[in-house]
Amino acid sequence: MSERSNIVTFQAEQLTEFGKEVLMGLGMAEGDALIAADSLVRADLEGNESHGISRLPIYVKRMKEGRISAVANINFEQLGSILRVDGNNGLGQVVAYRAIEQAIPLARESGMIGIFVRNSNHFGTAAYFCQQVCKQGMALIAMTNSPPGIAPWGGKKAFLGTNPLAFGFPSRSGPPVIIDMSSSVVARGKIILANKTGESIPQGWAMDENGVETVNPAAALRGAVLPLGGAKGYALALAIEMMCGVLSGAAYGPHVNNLYRDEDPPANVGHSFILMDIAKWMDMDDYFDLSDQLLREMKESPKASGTDEIFYPGERRSKEHTKRSGAGLTVPLEVVGELKRLGEEAGIAFLEGVRS
C-alpha cells in the first residue's frame, strides 16, 4: 500500500448499504434511505462523481441541523392532469421519486401528467428519475432549479440556478435514451468536488466575483458558472426557473437557499416533471420499432475522422455503469475521510476498501 495513494476502491453494494444505514440512523424509513443511497451510488457508477456518494456528508449534516427533514410528510394534490406536491422539506431524491411513483398510475389513465414540486431539496441526478420511468415503458422530461450559479447574460453575479433539464425514453434493443444536462457549461457540483479535492478547474467553466474567468474552484464558487452556449444557456436556465420555481410555488433564483452555506434556512427547491405514457397514443411495438430504427440509422451515419462509434445519449452512461459495477468505485481519500467520520458518529462500521 503506497503512502502516496490517494484513492480507495469499493464495491457499489458496500457504499449503498453504508449510505442506507447512515440515513436510517437519522430516522429515515428504510425504503426512502435505499432510494437516496442508490441514487448517489448510481451517479458514481455512471461517472457522475459530483452527484455521488461525496454528497452524503452534507445531506447528513443538514438533516442533523433540521435543515432537511429525514422524515418528510409529502403531500399530494391532484388537479386533473396536474399533480401538485409539497415535499415538506424532505430530501430531494426521496421527494422526487415518491412524486413520480404517485403519478405513474395517473399517467396510465390520462396519458400525460404534469408534476410540480415545491419545498424540496437537491435531488441528485435528473437521469435517475428518467431511468425510474423508462423501466415502466414511459417517457419523462425532468427539471429542477437550484441555488444561484449562473449570472444573467451580461451580468457578473450569480442569479439563476445551473438548472438541469433531462429527457428519458425507453429503448427495446439497448439502454434507454437518457439526456441529462445542466444549463451551465458544467454542473456546479463538479466545481464543489474540485474545491474539496484541491484540484483546479478547466478554463471556460466559471468566472470569479469580478466577472473574470478563473481556474480556481474557490473563486468560481464565489462567482458564477458560465452558461451553456452563452446567452442560450442563460435563457434555458430562466425557462427552467419559470417551470420549477414559479409554476410550482417554490423559491426561485436568489431565493433558493444553498445547501453548502451554513447560515441558510431550508432550500425550498422546486422540481417539474412531465410524465408520458407512450402506450396511450401509440402502439408500443410501433414505438420501439421506430425508436430503434432512428437510433440505428443515427449510429450508422457517416463518422468523423478519428471516431470509431457514434453513441446516443445514455449509451456511455450504461457502459460506464457496467464497467464500474465490475471494477468497483474509486473514492478520493478526502471523501473517504468524511464517510469514515459519518460512520463513527453513527456507530456504523465503515467498509474496507482497496487503496491504490
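**Pockets, helices and overall form**

Modeller: In this predicted model, the largest pocket has a volume of about 620 Å³. Its lining is made up of 35 residues, and those nearest the centre are His51, Thr162, Pro164, Ala187 and Arg188. Two elements, β7 (177-181) and α6 (188-197), each give two or more residues to that lining.

Colleague: Which element gives the largest share of the lining of the largest pocket?

Modeller: The largest share comes from α6, with 4 residues.

Colleague: How do you know what counts as lining, and which classes of residue does the lining of the largest pocket have?

Modeller: A residue is counted as lining if one of its atoms lies within 4 Å of a point of the pocket. Sorted by class, the lining of the largest pocket has 16 polar, 14 nonpolar and 5 charged residues.

Colleague: What is the volume of the second largest pocket, and what lines it?

Modeller: The volume of the second largest pocket is about 440 Å³. It is lined by 21 residues, with Glu49, Leu193, Thr197, Glu199 and Pro332 the closest to its centre. At least two lining residues are supplied by each of α6, β12 (329-332) and α11 (333-346), and here the largest share, 4 residues, again comes from α6. The classes in this lining are 10 nonpolar, 6 polar and 5 charged.

Colleague: Turning to the helices, how do you describe the packing of α3 and α11?

Modeller: Two packed helices are described by the angle between their axes and by the distance between those axes. For α3 (residues 56-65) and α11, the angle is about 35° and the axes are 9 Å apart.

Colleague: Finally, how do you know whether the radius of gyration agrees with that of a compact globule?

Modeller: A compact globule of 356 residues would have a radius of gyration near 21 Å, and the protein has 20 Å, so the value agrees. The C-alpha trace spans about 60 × 50 × 45 Å along its principal axes, and the protein has 11 helices and 13 strands.

How values were computed. Residues are numbered from 1 along each chain as its sequence is written. This is a predicted model: local features need pLDDT of at least 70, side-chain atom pairs count only at pLDDT 80 or more; totals for chains, interfaces and linings use all residues. Side-chain values use heavy atoms; hydrogens and water are left out. On a 1 Å grid over the protein atoms alone, a cavity is a set of points where a 1.4 Å probe fits but cannot get out, and a pocket is an open set with protein on both sides within 12 Å along at least five of seven lines; lining residues have an atom within 4 Å of a point. Grid points are joined across faces, edges and corners, and a volume is the space filled by probe spheres set on the points. Ala, Val, Leu, Ile, Met, Phe, Trp, Tyr, Cys and Pro count as nonpolar, Asp, Glu, Lys and Arg as charged, and the others, Gly among them, as polar. Axes are lines fitted to C-alpha atoms, for helices over the stretch in contact, and angles run from 0 to 180 degrees between N-to-C directions. The radius of gyration is taken over C-alpha atoms; the globule rule is 2.2 Å times the number of residues to the power 0.38.
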